[in-house]
Amino acid sequence: MKKEVFGETRDGSVVTAYTLENSKGMSATIIDFGATVVRLLVPDKTGNARDVQLGYDDIKSYEDGDTFFGAIIGRNANRIKGGRVSIDNVVYQMEQNDNDNNLHSGPNGVDKKMWTCLPQDDPSSVSFICKSNDKEQGLPGNVTMTVTYSLSEDNEFKITYDAVSDMKTVINMTSHMYFNLNGHYKGNIENHILTLDSDYYNPVIDKKAIPTEENAPVAGTVFDFRTPKSIGQDINKGDVQQTYVGGYDHNFVINGDAGELRHFANVYAEESGIVMDLFSDQTGTQFYSGNFIGDQKGKGGFDYHFRSGMCLEPQYIPNAMNFIPEGDVNSPIFDADEHYHAESIYKFSVK
């Protein structure tokens, strides 16, 4: 594992980059600010490595950025209606940083914190630990979070999440990696071919993007990716759900049983020949088509725009803490000292 200085935060913290490599030409670079994936090099069909991860070259851009490029999200991913959570009849108010709702835990999320790299004997993996203090995000409990990244010889990039709190609270973590399988600088991802192992998705109520409590069938809708189709095929069809969020920004329910690692997505980019398969043990995955990236400078001075990247974010159903009963396998509310654990695997190949 390679280790080098990435930069220095405005408060003087030295940010270190850790690079995992395998013998197949794939590598992943993660910094300890936000436990953020800043580079993901994957061999294409000609054997040349392409960086398929959107991001920045400097730490200031990660500190100032609001797109969450490559970051770990916690203690809660996605949106909470009104930023309010009721636990044991006590209402906790989080910051309303997105259309009156809380998004990705607000400005005090762990994506903007320094994580500590743990001692590691295995050169194919690296682990980071971070603490979210009681009420830091408006939620109860001191939560300790650990994330482990590993890279196999089979080009499997695995993320393992573990967390525990000293009080009953919400825990729902994910990775906000943005993918463009033709290369981070290649522009629009609408030509990517996507397949999702999902029979149901969660419609949103309005432009505030809080989902209903319904698992709606994808059959006969623009949300049906059960057979391969380009992301762009139906993205501009004018479906009311798409007009709310500017494209796709919805949770898809993963077929099978939550808690079991199972296949969810296949993504293919014809130009590069790169294929990505996603496996997750979570309830669902947010498919986001990069509708709000905006115009900004990315790595190497390249311009990023609308839909320059796509996200597949395994997690609980958004706002589930407010309508799924505690104790249900699909509830993100955990008792004090109850262990949260989740796994995702992003497996790369070519065709």
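**Briefing: a predicted chain of strands and loops**

Residues 24 or more positions apart account for 64% of the chain's contacts with a separation of 6 or more, where contact means heavy atoms within 4.5 Å. This is a predicted model: local features need pLDDT of at least 70, side-chain atom pairs count only at pLDDT 80 or more, and totals for chains, interfaces and linings use all residues. Residues are numbered from 1 along each chain as its sequence is written, and side-chain values use heavy atoms, with hydrogens and water left out.

**Overall build**

- Two helices and 29 strands make up the secondary structure of the chain. Both are DSSP runs, numbered from the N terminus: helices are H or I with at least four residues, strands are E with at least two.
- The chain is as compact as a globular protein of its length, because its radius of gyration is 19 Å, close to the 20 Å that the globule rule gives for 351 residues. The radius is taken over C-alpha atoms, and the rule is 2.2 Å times the number of residues to the power 0.38.
- The C-alpha trace spans about 60 × 50 × 35 Å along its principal axes.

**Surface and charge**

- Buried residues make up 58% of the 351 in the chain. Buried means under 20% relative accessible area, exposed over 50%, and partly exposed in between (1.4 Å probe, protein chains only).

**Around Gln137**

- Gln137 sits in the loop between β12 (125–132) and β13 (143–151). Its relative accessible area is 4%, so Gln137 is buried.
- Beyond residues up to four places away in sequence, Gln137 touches Gly74, Arg75, Asn76, Met94, Ser105, Asn108, Gly109, Val110 and Ser132.
- The side chains of Gln137 and Ser105 form a polar contact of 3.4 Å. That term covers a pair of N or O atoms within 3.5 Å; within protein, one must be able to donate a hydrogen and the other to accept it, and residues adjacent in sequence count only if both atoms are side-chain atoms.
- A polar atom of the Gln137 side chain also lies 3.2 Å from the backbone oxygen of Asn108.
- Arg75 belongs to the loop between β6 (72–73) and β7 (79–80). The peptide bond joining Gly74 and Arg75 is cis, with omega about 5 degrees.

**The loop between β26 and β27**

- Ser308 lies between β26 (303–304) and β27 (311–315). Its relative accessibility is 2%, so Ser308 counts as buried.
- A polar atom of the Ser308 side chain is 2.8 Å from the backbone nitrogen of His305.
- Leaving aside neighbours within four places in sequence, Ser308 contacts Leu54, Asn180, Gly187, Ile189 and Ile293.
- Arg307 is found in the loop between β26 and β27. Arg307 is not a glycine, yet has a positive phi of about 65 degrees. At 2% relative accessibility, Arg307 counts as buried.

**Asn89**

- Asn89 is in the loop between β8 (84–87) and β9 (90–93).
- Though not a glycine, Asn89 has a positive phi of about 65 degrees.
- Asn89 is exposed, with a relative accessible area of 78%.
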